[in-house]
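Hi,

Here is the structure I promised to pass on.

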Amino acid sequence: MGSIRASRVQHMEADIGEHAVLEIDGFLSSSECRWILNELKYACWRPSLTYMEQDDGTRRDVLSPLRVSETAQQSLLTNEMLDKLAEIERRLAGFVEMETSHLETWQATDYPLGGNFYYHMDSGYWDTHPAGDRIYTFLLYLTTPERGGGTDFRALGRRVRAKAGKLVVWNNLFANGDSNHRMIHSSMPLLKGRKTTLVTWLRQKRFRE
């Protein structure tokens, strides 16, 4: 069993190299997506913030017209939802060699019609953070929008279609630890239907207590 798991981990990590975006359909079942969406009805939703540079050169989370959505942080989710997230993390660890303590806390994001997140990077801002920078992004779609709402990687010329249950993984860093600029991406405007996601990031070092 150990050799099978190691082979699967090595294969997946090879697939998410410096210039790749990996899509796994059906990572969550349709019933799991429905259950999570129902559980998120009890979450505390707030306008999404963007980590942006300020006039004094520092960065902080602020409201920005470049990001139109609402976010529910893991710390404000139900105990049942926390148990589900722990199960999802165990599944992720079956594909990518990692310590789950290196994962950031999860965020659920819900987009209104027209909601989007303009082109941005998930890395390059945490050189001095004790946990280091973000290695991988793990994005889970919980719904299938009728139109729009995909994730566009403009430098790669690739657009990922949002589909309920799909896991999308990409590598935010080059082998030398520098931010991988080719992974600049955007959450495209939601034009029809509903878009809700779950996302977390793997840091270089321990993030969680």
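Arg91 lies over the face of Phe27, 5.7 Å from the ring centre; a charge sits over a ring if NZ of Lys or CZ of Arg is within 6 Å of the ring centre and within 35 degrees of the ring normal. Lys195 does likewise with Tyr111, its charged end 4.5 Å from the ring's centre.

Before you read on: this is a predicted model, where local features need pLDDT of at least 70 and side-chain atom pairs count only at pLDDT 80 or more, while totals for chains, interfaces and linings use all residues. Residues are numbered from 1 along each chain as its sequence is written, and side-chain values use heavy atoms, with hydrogens and water left out.

Back to Phe27: its ring and that of Phe95 have centres 6.0 Å apart and planes at 55 degrees, so the pair is tilted. (Rings of Phe, Tyr and Trp, the last by its six-membered ring, pair if their centres lie within 6.5 Å; planes under 30 degrees apart are stacked, over 60 edge-to-face, the rest tilted.) Phe27 is buried at 7% relative accessibility, and Phe95 is partly exposed at 21%. Here buried means under 20% relative accessible area, exposed over 50%, partly exposed in between (1.4 Å probe, protein chains only).

Tyr118 and Tyr119 make an edge-to-face pair, with centres 5.3 Å apart and planes at 80 degrees. Tyr51, Tyr125 and Trp126 form one aromatic cluster.

Cheers
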